[in-house]
Amino acid sequence: MAQININEKTFAFSTRSDTWTSRYSFDPTCYMTSGNKMLSSKDGSGVWLHDQLSTRNSFYGNPAAKSSITVSANQDPSAIKMYKSLSIETNIKKDLDNPTHPLTAEVCTNVEYEGKEKQKGSISSFEKKEGFQYAEMPRDVLNSTENIIGKPFTVSSLVEEYGTVAAIEINGEFFDELQDDGANIQNVQNTGIFYFPVIAEEGFIPEDYAYSKTLNVSLYNVQNGSLLNLFDVPLSDELPIPLYVLSHKNYEGRVLLMLAFEQSNDSQQNIFFQETSPLYNNQLVFVVKPEIDGDQLRGPYVNVEISAQTDRHAEIHAINVDYEFSKLDKRLTQNT
């Protein structure tokens, strides 16, 4: 008979409400009671007396487990809403000795869809305001379009235009200028980053805000109006390979872009120098990080999973979601 592996959990039943109320992370091999005390043991490692320590969420000497609760905000469920912020009425607060906030949240909407309607985002920290733990709603990291910068353009190869030797020389000079200008990139041998310049062609208009001199601005391929991440690159072990845009400069009356990618092996170093690379046969667009500049979450409801990583007594009294109605929404009223 095949062995079945199960992630063990403990389920709690409330006799007062006659229902299953919660799940716990501890998974003892046996339970027992003595009077009104509850005891358990795991794999013969001694007896654990429950609810006697001030340290919460820690069992059998293990680090404190994470607690979570999931709620749905679906007021006026026929209306499309744009979600703005989240606040929690709770006694959980940030420990001054720990830079990590004990509260985090995962937010999603339109989960029943598999296409572009589905959205999600994460909240990694909260700020105390007027006694509440407050955070702005995250931006969508699945299907955002607001983080696409400018119009599609094409690029051509320096190797094809100037030859291999000259292309390598231009590359070195460009990279030196980036370092002198405070770019947050180091020698490729230390970081596994390979960098190379290309010539920006038709449709390209350089905008300073499109360059961060870090690996924050990605280059995407546009086909039939869709955004694809990125190319089927020869000699690549992991597809696709994200390309990043570090900077631009004028050179002999043309615009050069400095591109970069994180290589996983030495054979990838020259794949984008090849004149036959898909990089030079597709329309491209700039895309900045959706976590910062992505679409605002919207939909008829939003699911919020709040997690707390703490070993102290924790209570949540209320979870508040702030939203505004979409300008395109036509809500059902007594007159419609």
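**Reading a predicted model: a tutorial**

Student: Why does Ser326 count as buried?

Tutor: Burial is judged by relative accessible area, and a residue under 20% is called buried. Ser326 has a relative accessibility of 8%, so it counts as buried. Please bear in mind that this is a predicted model.

Student: Where does Ser326 lie, and which residues does Ser326 touch, not counting those up to four places away in sequence?

Tutor: Ser326 is found in the segment after β22 (316-325). Leaving aside residues up to four places away in sequence, Ser326 touches Ile80, Lys81, Met82 and Arg298.

Student: How many of the residues in the whole protein count as buried?

Tutor: The protein has 336 residues, and 38% of them count as buried. Its secondary structure comprises four helices and 22 strands. Among contacts between residues at least 6 apart in sequence, 68% join residues that are at least 24 apart.

Student: What confidence does the prediction carry?

Tutor: The average pLDDT of the protein is 81, and 80% of the residues reach at least 70. Residues 232-236, however, have a pLDDT below 50, and this stretch has 14 contacts in the model beyond near neighbours in sequence.

Student: What is the volume of the largest pocket, and which residues are closest to its centre?

Tutor: The largest pocket has a volume of about 1,200 Å³. It is lined by 36 residues, of which Ser22, Arg23, Tyr24, Asn57 and Ser67 are the closest to its centre.

Student: Which strands supply at least two residues each to the lining, and what classes of residue are found there?

Tutor: The strands β1 (10-14), β2 (19-24), β5 (47-49), β6 (66-73) and β21 (302-309) each contribute at least two lining residues. By class, the lining of the largest pocket has 16 nonpolar, 13 polar and seven charged residues.

Student: How many aromatic pairs does the whole structure have, and how is one of them read?

Tutor: The structure has 10 aromatic pairs. The angle between the ring planes gives the type of pair, and over 60 degrees counts as edge-to-face. Phe153 and Phe286 are edge-to-face, with 5.3 Å from centre to centre and 75° between the planes. This pair links distant parts of the chain: Phe153 belongs to strand β12 (residues 148-153) and Phe286 to strand β19 (residues 283-287), 133 residues apart. Phe153 and Phe286 are both buried.

Student: Why is the pair of Tyr323 and Phe325 edge-to-face?

Tutor: The planes of Tyr323 and Phe325 stand at 80°, with ring centres 5.7 Å apart, so the pair is edge-to-face. Tyr323 is partly exposed, at a relative accessible area of 22%, and Phe325 is partly exposed at 30%. Elsewhere, ring pairs join Tyr24, Phe26 and Phe59 into a cluster.

Student: Which residues other than glycine have a positive phi, and where do they lie?

Tutor: Two examples may be considered. Asn110 has a positive phi of about 55° although it is not a glycine, and Asn110 sits in the loop between β8 (103-109) and β9 (119-123). Glu252, also a residue other than glycine, has a positive phi near 50°; Glu252 is in the loop between β17 (243-251) and β18 (254-262).

Student: Are Asn110 and Glu252 buried or exposed?

Tutor: Asn110 has a relative accessible area of 9% and is therefore buried. An exposed residue must be over 50%; Glu252, at 59% relative accessibility, counts as exposed.

Conventions: Residues numbered from 1 in each chain as written. Predicted model: local features only at pLDDT ≥ 70, side-chain atom pairs only at ≥ 80, totals over all residues. Heavy atoms only, no water. 1 Å grid on protein atoms, 1.4 Å probe; cavity = no way out; pocket = protein on both sides within 12 Å on 5 of 7 lines; lining within 4 Å. Points joined across faces, edges and corners; volume = space filled by probe spheres on them. Nonpolar A, V, L, I, M, F, W, Y, C, P; charged D, E, K, R; others polar. Buried < 20%, exposed > 50% of the residue type's maximum accessible area, 1.4 Å probe, protein only. Contact = heavy atoms within 4.5 Å. pLDDT = per-residue confidence, 0-100. Phe/Tyr/Trp six-rings, centres within 6.5 Å; stacked < 30°, edge-to-face > 60°.
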